[in-house]
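Please look through the sequence and the structure below before reading on. The paragraphs that follow go from the overall fold to single pairs of residues.

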Amino acid sequence: MNGDQNCKMSDVKVAGNKTTWKMKCEGRKPMEGEGEMTRSDGSYSGKTVFHMKRRDMTMVYSGKRIGKCQAQ
């Protein structure tokens, strides 16, 4: 989030491998949104929707483990 925002998460719920949440940001460019993420063995996918004054923005994301974690 931008540094000029006062953002708060709410309604965070975890049910099995799925997490959902809501958020609200106040400041110069206020917005609200909601998101969800589903985890499975070695991967995740999800979506976050931001509702702004004149438009909505949707982020869709996914990832998967491609190798062993290495300490640095």
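In what follows, a strand, written E, is a DSSP run of at least two residues, a helix, written H or I, is a DSSP run of at least four, and both are numbered from the N terminus. The model is predicted, and read along the sequence its protein chain follows the pattern β-β-β-β-β.

What does the overall size of the protein chain look like? Taken along the principal axes, the C-alpha atoms of the protein chain fill a box of roughly 40 × 30 × 20 Å. A compact globule of 72 residues would have a radius of gyration near 11 Å, whereas the protein chain has 15 Å. Of the 72 residues of the protein chain, 18% count as buried, where buried means that under 20% of relative accessible area is left.

E3 pairs with strand E4, which covers residues 43-51, in the antiparallel sense and over nine bridges. Within this pair, Ser40 stands opposite Ser43 in E4. E3 and E4 form a hairpin that has two residues between them, and in its turn Gly42 has a positive phi of about 80°. E4 is also joined by nine bridges to strand E5, residues 56-64, and these two strands run antiparallel. Here Gly46 is found opposite Tyr61 in E5, and the hairpin that E4 and E5 form has four residues between them.

We can now turn to the links between side chains, starting with the sulfur atoms. A disulfide is a covalent bond between the sulfur atoms of two cysteines. In this structure the count comes to one disulfide, and the cysteines that form it are Cys7 and Cys25, with their sulfur atoms 2.2 Å apart. This pair links distant parts of the chain, since Cys7 is in strand E1 and Cys25 in strand E2, 18 residues apart. The link of Cys7 and Cys25 is right-handed, with 115° about the S-S bond. Are these two cysteines buried or exposed? Cys25 has a relative accessibility of 1% and therefore counts as buried, while Cys7, at 28%, counts as partly exposed.

Charged side chains make a further set of links, and the structure holds three salt bridges. In one of them the side chains of Lys22 and Asp11 meet, at 4.0 Å from N to O. Lys22 lies in strand E2 (residues 18-27) and Asp11 in strand E1, so the pair ties together parts that are eleven residues apart in sequence. Lys22, with a relative accessible area of 44%, is partly exposed, and Asp11, at 44% relative accessibility, also counts as partly exposed.

Another salt bridge is formed by Lys18 and Glu36, whose closest N and O atoms are 3.8 Å apart. This pair, too, links distant parts of the chain, with Lys18 in strand E2 and Glu36 in strand E3 (residues 31-40), 18 residues apart. Lys18 is partly exposed, having a relative accessible area of 34%, and Glu36 counts as partly exposed at 32% relative accessibility. There is also a salt bridge in which the side chains of Glu32 and Lys24 meet, at 3.9 Å from N to O. For this pair the relative accessible area of Glu32 is 43%, so Glu32 is partly exposed, and Lys24 counts as partly exposed at 42% relative accessibility.

Not every part of the surface involves charge. Which residues form a nonpolar patch on the surface? They are Met9, Val12 and Val14, which have about 310 Å² of accessible area together. Val12 has its place in strand E1, which covers residues 5-15, and because its relative accessibility is 53%, Val12 counts as exposed.

At 47% relative accessibility, Pro30 counts as partly exposed. Pro30 and Asn6 are 24 residues apart in sequence, and in space they are 8.8 Å apart, C-alpha to C-alpha.

Definitions and conventions: Residues numbered from 1 in each chain as written. Predicted model: local features only at pLDDT ≥ 70, side-chain atom pairs only at ≥ 80, totals over all residues. Heavy atoms only, no water. Patch = residues over 30% accessible without salt bridge, like charges linked within 9 Å, V, L, I, M, F, W, Y side chains within 5 Å. Areas by Shrake-Rupley, 256 points an atom, 1.4 Å probe, with all protein chains shown as cover. Buried < 20%, exposed > 50% of the residue type's maximum accessible area, 1.4 Å probe, protein only. Pairing = 2+ DSSP bridges. Disulfide = S-S within 2.5 Å. Rg over C-alpha atoms; globule rule 2.2 N^0.38 Å.
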